[in-house]
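Here's a quick tour for anyone opening this one for the first time. Have a look at the sequence and the model, then we'll walk through a few spots together.

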Amino acid sequence: RLAYGADYNPEQWPRETWDEDVRLMREAGVNVVSLAIFSWARLQPARGAWDFAWLDEVIDLLHENGIAVDLATATASPPPWLTTEHPEILPVTASGGILWPGARQHWRPTSPVFREHALKLVTAMAERYKDHPAVCAWHISNELGCHNIYDYSDDAARAFRGWLAERYGSIDVLNDAWGTDFWSQRYTDFQQILPPRQAASHANPTQQLDFKRFSSDALKQYLREERDILNVITPDIPVTTNFMVMGETKGMDYADWAGEVDFVANDHYFVPGPQGVDELSFSANLTGNIAGGNPWFLMEHSTSAVNWQPVNTPKKPGALRRDSLTHVAHGADAVCYFQWRQSRAGAEKFHSAMVPHAGEDSPIFRSVAGLGRELESLSDVAGSHRSPASAAILFDWNSWWASEQDSHPSDRLRYKQEALDWYSAFLALGLRVDVVPSAADLSGYALVVAPILHAVPAALKGRLEDYVQNGGHFVTGYFSGIADENDHIWLGGYPGAFADLLGVRVDEFGPLLDGESIQLDNGATATLWADRVQPSGHDVEILARYTTGEHSGDAAVTRRAVGNGSAAYMGARLGAPGLAPVLADLAASAGLSSELPAELRGAVEMVVRTDGRTDYVFLINRTDTAVDVTGVEGAPLPGWESKLDPRSVSVLTRRAAATG
Ligand code: GAL
């Protein structure tokens, strides 16, 4: 069946509360908890001193009650004795400040001293619990990189030099890649290189980009070191760590990390606002595709308000269930929360939990228990895979990093927002789409949208050209195709790498000032960016033109037919409402149509999982009004409704389309 549970922090509570915890867990249908995530200080009160007795007792108690344990390696937050003895493990900011102890995750990913101590703890945990039948998985550290992804310390400098030496082989190759003849930056030895610490002006852009790559790799390397120990001591226990495919968390290239774990796990927190539901689905979708379409584990989300947004509003009725089931729709086989019992003390005492401060007699606990029962009725879904869509949005960490660096035409550009706007446009049209990493196999997709695909190595350029030659329909847009993997400009006119494929030329970038906007003849409004696009051949069709100001009459959106395929360019930021009509046109020419009845498009998100015999069709009411999904092909699972209340979800089954 699907897993259901939470982070469980029993060390924050007296012993008698543990008995109440397991009673309530059983009542709620909880069958897994993540344990010991922030327990280092308890487990190792001093160098060489260990105290596992309390954890033994908790694990036994859970096991007796049929609750499995996703056991943390407990390395997420080093204890005070360690940082007192070894302040050299503390991370350093770009301007040389120290991230002091007192919160959490105050450790340098590259510190040999931290590693020595943390890996000792991992070994002790693995040896202690290797035979405990409750342990179903290892949970490495916690949200690696949440607070410490960028460390500019001397340890980081040393490791960065080693990483660069491996990447470039010689200092001359690095000088070429970094373009160091600009501003007299030519190095004669790797020893001269530093992380991009706060400098007098803009740091070398390739140095900045490489530091981002290095920082993601350094934490990935740390993840591997914990994992390798676990794999030796407990070869049969799967290993994971909780990713953060959410919001603007961009430091970790999870597409690159996914191969390091036995199953992908993700944390997601709802971002209130007009695109909140879209962002929730986007994150779940990308996570599912990073997991290669295989089931994954929702390790954390919230039952209601968080405590770290500027204003932390509770979830509306039904949203708890909708949010959880949206993740399940996109392939999650586990629904877990931060956290089981709301803390009385500490920085997260105002963060919601499965058992709120009010206790079990509360709307939140009743919703939690209700969802637990419903998840039991979804047991057959467990193990099924994502059923691929016919369209894809490419998501590329290198382009995210590179396009948002400093010294650019505009510092207003937001990579993820543009990708999300396209996603919202797909949702508005009721079209299923997969958000896939840029390395994904695209051959099965009729339409591929690559928003702000800025960093384009020759190999990626070639793959996309082949995709179009083979009949694919490719769409990209402003600030795409601009640079190669070294952040050097593709010459010959923008959009550089894609200028020939798209059959267009942009001579100067079109960033717009705050408050400025330009109208298009299709009714859309451009803000933030508006390239004046020149078609370079007769095979290029103009899909939309600007109608106001200096741009009036110029092309904004174009499409070039290439054999059975096409390549389209969206020169302006149109936002989700402006993208939808253009996408409708592009999707229709790619042969795509919505699987939803017309009246449900936009109101309902449809997501499909399949086990090869049965398709599980999830229908999510994205709106605050009731909808009726009776017109969708399939039969509701027993107990699931066709009339959906605001924010409600239904699951239909139908026979899977024959494959192979
Ligand atoms: C996550 C973290 C949890 C908790 C949660 C609160 O970032 O892993 O420990 O802090 O956020 O939303």
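Predicted model: local features only at pLDDT ≥ 70, side-chain atom pairs only at ≥ 80, totals over all residues.

How many residues of strand β22 (residues 604-610) are buried? The count is 7 of the 7, so the strand is largely enclosed by the rest of the structure. Val604, Met606, Val608 and Thr610 point one way, while Glu605, Val607 and Arg609 point the other way, and all are buried. As a rule, side chains in a regular strand alternate between the two faces of the sheet.

## The open sheet

Elsewhere, there's an open sheet of 9 strands with parallel pairing, in the order β5-β4-β3-β2-β1-β9-β8-β7-β6. At its edges stand β5 (239-240) and β6 (242-243), each with a single partner strand, so one side of each has no neighbour in the sheet.

Inside that order, β2 (residues 32-35) and β3 (residues 68-72) run parallel and are joined by 4 bridges. For example, Val32 has Ala68 of β3 as its bridge partner.

## Around the ligand

Which residues surround the ligand? They are Phe38, Arg104, Asn142, Glu143, Asp267, Tyr269, Glu300, Trp308, Phe338, Glu348 and His351.

An N or O atom in the side chain of Glu348 is 2.3 Å from an oxygen atom of the ligand. For Arg104, a polar side-chain atom lies 3.0 Å from a ligand oxygen, and for Tyr269 the distance is 3.5 Å. Taken alone, the ligand exposes 310 Å², and the protein buries 96% of that.

## A helix with a buried face

Last stop: helix α7 (residues 171-178), whose buried residues are Ile171, Leu174, Asn175, Ala177 and Trp178. Looking down the axis of α7, these fall within an arc of 165°, so they line one face of the helix. In general, an α-helix has 3.6 residues a turn, so residues three or four places apart point the same way.

Among what covers the buried residues of α7 are α6 (154-168) and α8 (205-233).

Terms used: Residues numbered from 1 in each chain as written. Heavy atoms only, no water. Buried < 20%, exposed > 50% of the residue type's maximum accessible area, 1.4 Å probe, protein only. Helix = DSSP H or I, 4+ residues; strand = E, 2+ residues; numbered from the N terminus. Arc of directions from axis to C-beta. Contact = heavy atoms within 4.5 Å. Near = heavy atom within 4 Å. Polar contact = N/O pair within 3.5 Å; in protein donor to acceptor, adjacent residues only side chain to side chain. Areas by Shrake-Rupley, 256 points an atom, 1.4 Å probe, with all protein chains shown as cover. Pairing = 2+ DSSP bridges.
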